[in-house]
Amino acid sequence: MTLDQSTVSLSIVLLAALVHASFQLSISVLTLMSGHALGRKTARLRLLHLVGGFVLGAIIMTILLLSFAAYALGAWLGSGVPTVLWAIGAGAAVGVGLSVWLFYYRRELGTILWIPRGFARHLDTRAKRTKSATEAFSLGLTSGVSELLFTFVTISLSALILLSLPVHLQLVGILIYAGVSLVPLMIVGLLIGSGKKISHIQRWREQNKRFLQFAAGGGLMILGTYVYTEYILVANILGSL
Amino acid sequence: MGLAVDVVKRRGKRKHESYDSDKLLRSIHSACLSVHAPEGLAVSAANHVTSIVTIWVNSKPAVTSNDIRRVVAYHLERYHPDAAYYYLHQRRIL
């Protein structure tokens, strides 16, 4: 594999991570958890521990999910990814992107996501009951899994791409994905830790939710098109030469 | 303190409960603290708004939790707009 091909592959992983970054479930859970903690008069240092624990949990779960997906797909596929799998991945990205455009937020005020209400209430209850950094860590892990509803496409496509990279670049790809996809969560964590009002953060999220929805859906469609072009069209053209 | 007024929760999907002014006071106080309001302001706002809402609730045979939330936010706006916003929207975050 040449450096150019690796660069292209890593840039697609970067795009997938940016799309993952525009999803909002973990940020909602972090906002809720911090709001409840502040309402209980939690000290600043303890709040920082909670936020840190949550963000660390989300980072570790993202790394685990991507590594597991890459390992499972590698074990299943052996060497080389069949074209049909790229086609399924590209189609899923476009389909989920369209669904995100249509359904990501409910047609109500606020930033209520299109997830089962019972599930949302469970996350809300867990956020309310989180009082230690360990609980916050496990809530971060849980929210990483919960977000799979939206992120399974970006994680699966990134895992497929990682399979085509040399081992040392696979590690780089995982770190790029985990680092970039969780930048918004880290920013919100820093804002809360530095004393920014939860109401201001929530107001900003509410005012910009349609843009975030558009970015997430559009990003997924671009990702799908990118994958289709790079791994199906270009591969077929090069194969026929 | 509980009053003989039924609070209908989540459009009747959860069991009704009696209006509890202490519970309301705690939730307003907590919302104020969540947006970094000073303790004194939080206590004062919670007391005032709870009194107003209790008078309003007393005039009704039953109210919904959403009605209470809306009326609290309306009156809390005078004391702390950020707390009012957060109180109204905290169930609309996720």
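At what angle do α2(A) and α5(A) pack, and how far apart are their axes? In this predicted model, α2(A) and α5(A) pack at an angle of about 40 degrees, and their axes are 8 Å apart. Before going further, a word on conventions: residues are numbered from 1 along each chain as its sequence is written, while chains are lettered from A and ligands numbered from 1 in the order in which they are written. Because the model is predicted, local features need pLDDT of at least 70 and side-chain atom pairs count only at pLDDT 80 or more, whereas totals for chains, interfaces and linings use all residues.

The helices named here are DSSP runs (H or I, at least four residues), numbered from the N terminus. Their axes are lines fitted to C-alpha atoms over the stretch in contact, and angles run from 0 to 180 degrees between N-to-C directions. The angle given above makes α2(A) oblique to α5(A); angles under 35 degrees count as roughly parallel, over 145 as roughly antiparallel, 65 to 115 as roughly perpendicular and the rest as oblique. On the α2(A) side, A:Val29, A:Leu32, A:Met33 and A:His36 meet A:Leu123, A:Asp124, A:Ala127 and A:Lys128 of α5(A). Such contacts are counted when two C-beta atoms, placed from the backbone, lie within 7 Å. By class, the contact of α2(A) with α5(A) holds 5 nonpolar, 1 polar and 2 charged residues. In this scheme Ala, Val, Leu, Ile, Met, Phe, Trp, Tyr, Cys and Pro are nonpolar, Asp, Glu, Lys and Arg are charged, and the others, Gly among them, are polar.

Helix α5(A) has a further partner in α6(A), residues 133-146, packing at about 165 degrees with the axes 11 Å apart. That makes α5(A) roughly antiparallel to α6(A), and the crossing is left-handed. Here A:Leu123, A:Arg126 and A:Ala127 in α5(A) meet A:Leu139, A:Thr142, A:Ser143 and A:Ser146 in α6(A), a set that divides into 3 nonpolar, 3 polar and 1 charged. Helix α6 of chain A also holds A:Ser138. A:Ser138 and A:Leu56 are 82 residues apart in sequence, yet their C-alpha atoms are 9.4 Å apart in space. With 17 other C-beta atoms within 10 Å, A:Ser138 is partly exposed; a residue is buried with 20 or more such neighbours, exposed with 12 or fewer, and partly exposed in between.

The phi of A:Lys41 is near 60 degrees, a positive value in a residue other than glycine, and with 12 C-beta neighbours inside 10 Å it counts as exposed. The 34 residues of α3(A) should span 50 Å at 1.5 Å a residue, and the end C-alpha atoms, 49 Å apart, agree with this; the expected span is 1.5 Å times one less than the number of residues. Buried residues of α3(A) include A:Leu50, A:Phe54, A:Met61 and A:Leu66. Among the elements covering the buried residues of α3(A) are α2, α6, α7, α8 and α9 of chain A. Just after α3(A), A:Gly78 takes a positive phi of about 70 degrees.

Turning to chain B, the axes of α1(B) (residues 21-34) and α4(B) (residues 81-89) come within 8 Å and cross at roughly 115 degrees, in a right-handed crossing. B:Ile28, B:Ala31, B:Cys32 and B:Ser34 in α1(B) meet B:Ala83, B:Tyr86 and B:Tyr87 in α4(B), giving 6 nonpolar, 1 polar and no charged residues. In the loop between α1 and α2 of chain B sits B:His36, with a positive phi of about 65 degrees although it is not a glycine. B:His36 is partly exposed, with 16 other C-beta atoms within 10 Å. Helix α3(B), 15 residues long, reaches 21 Å from its first C-alpha to its last, close to the 21 Å expected. The buried residues of α3(B) are B:Val72, B:Ala73 and B:Leu76, and their cover includes α1, α2 and α4 of chain B.

Finally, the two chains meet, with 23 residues of chain A in contact with 14 residues of chain B. On chain A, α2, α5 and α10 each supply at least two residues of the touching side, and the largest share, 7 residues, comes from α2(A).

Terms used: A crossing is left-handed if the near helix is turned anticlockwise from the far one by less than a right angle, and right-handed if clockwise.
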